[in-house]
Amino acid sequence: MKAMWRGYLQASLILKITVALGLGVLIGLILGEDAAVLAPFGDLLLRLLRFLIVPLVLFTLIVGVNQANLGNLGRMGGKVFIYYLVTSAFAITVGIAVASMFNPGTGMTLDGSESFDVPENPGLTSVLLNIVPNNIITAFSELNLLGIIFTALVFGIAISILRSSENTHEIGETVYNVINGLNEATMTIMKGIIQYVPVGVFAIVAEIVGKQGGNTLLSLGNVIAVLYIALLVQLLIYVIFMSLSKINIKDFFKQGRTPMITAFVTQSSSGSLPLTLNAAKNLNLAKSLYGFSLPLGATINMDGAAIRIAVSAVFAANVVGDPLSFTEMLQVVLVGTLASVGTAGVPGAGIIMIATVFAQLGLPMEAVGLLTAIDVLVGMGCTALNVTGDLVGTSIINKTEQDRDDNSTNLSKG
């Protein structure tokens, strides 16, 4: 028994996850809906990952702020915001282009039986206000990532000021050392949780396959296929961006595949955040950058969801026999980009974003109800791309900062 456990610990994580995926599909097909008996093991994985989100984001970002120049932090923050807005708009454009080539939904009709109660879109103003939490404890308990980021930045800057002052240097160093120690303790806990990831992945995959079966996949297979083609195109674009930035692609995917696969299985960008932060650490990215960019990206950067909006809009327009015009396509890009930010951190955000765009373009809400049937299947791929986009952007921005530092050093030497 000890030998088996030792062998499990020594096996590579990606091998264990790959085996877990295969076994999950197999057991799901064999047991069908009875595979739901495994659900508690999958729920445990999600609970363990969420358990670490608050301490990981809080301590990582506070430590990161204290390892960086505050001026550099502001510059990196600006790059992160620009990257997230631009790639969201770019992803929607890719989705429209691919969907327009394959025209999913052509020949289909709505029978009027599909219905869906559209959740209220909180809007961009509400999201921006939520950055400043009414109560720190509430922000932590509700996993308000924007609120947690704000709290960490404020306390991180305050501790940095204490450390830089002669009068408060000693107490500032004491507080920083305590938080740095808590950060290291959190990373140690993270190493233990990572060993459970394959078990949770197996349980979640088995439950999803058992519940969904093949009927849903066949009925709306063209929409699913087009969406995954668009996701692959966007992934290829990421690879091109990283190649142009001279980032080691092999190393990136070696470290990034665990959070990507976990996001695919769990359909949760924020739930996968501890693994994404761990991947950034293993890629030797700047803690001051990834401690901020990855939690923010898990909340507002939704390239996969943006592609989903575009494909869904083309699908709905084709179903009603009125394909999108060029002007309407531009509207999808604009409204979809804003909607992806305006629904940040809201449960069911993907469906809300689609409904928001449909309402703007006058597309039938019945189509939203139809698309919810494949919500799980498309959500898996979209979430994986969301997480990938966060890590790609952080890697590219980290590279630009390294190049800037190198140029500054060369200039000072000259």
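Select F253. F253 is partly exposed at 23% relative accessible area, where partly exposed is the range between buried (under 20%) and exposed (over 50%), with a 1.4 Å probe and protein chains only. This is a predicted model, in which local features need pLDDT of at least 70 and side-chain atom pairs count only at pLDDT 80 or more, while totals for chains, interfaces and linings use all residues. Residues are numbered from 1 along each chain as its sequence is written, and side-chain values use heavy atoms, with hydrogens and water left out.

**Aromatic pairs**

Search the whole structure and you get four aromatic pairs. Rings of Phe, Tyr and Trp (its six-membered ring) pair if their centres lie within 6.5 Å; planes under 30 degrees apart are stacked, over 60 edge-to-face, and the rest tilted. Show F81 with F292. Their ring centres are 6.4 Å apart and the planes stand at 65 degrees, so this pair is edge-to-face. It links distant parts of the chain: F81 sits in helix α4 (residues 70-102) and F292 in helix α14, 211 residues apart. F81 is partly exposed at 41% relative accessible area. F292 is buried at 11%.

Centres 5.2 Å apart and planes at 90 degrees make the pair of F252 and F253 edge-to-face. F252 counts as buried, at 0% relative accessibility.

**Whole chain**

Zoom out. Colour by secondary structure: the protein has 19 helices and zero strands. Helices (H or I, at least four residues) and strands (E, at least two) are DSSP runs, numbered from the N terminus. Of the 414 residues, 50% are buried. Contacts mean heavy atoms within 4.5 Å. Among contacts between residues at least 6 apart in sequence, 83% join residues at least 24 apart. The protein exposes about 18,900 Å², with 63% supplied by carbon and sulfur atoms; the areas come from the Shrake-Rupley method with a 1.4 Å probe, and for residues only the protein chains shown count as cover.

**E401 and its partners**

Select E401 in helix α19 (residues 375-413). E401 is buried, at 7% relative accessibility. Which residues does E401 touch, not counting those up to four places away in sequence? Display R75, M76 and K79. The side chains of E401 and K79 are joined by a polar contact of 2.7 Å. A polar contact is a pair of N or O atoms within 3.5 Å; within protein, one must be able to donate a hydrogen and the other to accept it, and residues adjacent in sequence count only if both atoms are side-chain atoms.

**I261**

Go to helix α12 and pick I261. I261 is buried at 19% relative accessible area. Leaving aside neighbours within four places in sequence, I261 is in contact with I14, I17 and L21.

**Two loop residues**

Select K246, in the loop between α11 (221-244) and α12 (249-266). Phi of K246 is near 60 degrees, a positive value in a residue other than glycine. K246 is exposed, at 69% relative accessibility.

Move to N284, in the loop between α13 (273-282) and α14 (287-300). N284 is not a glycine, yet has a positive phi of about 60 degrees. N284 is exposed, at 63% relative accessible area.

**Last stop**

Select L26, in helix α2 (residues 13-31). L26 is partly exposed at 44% relative accessible area.
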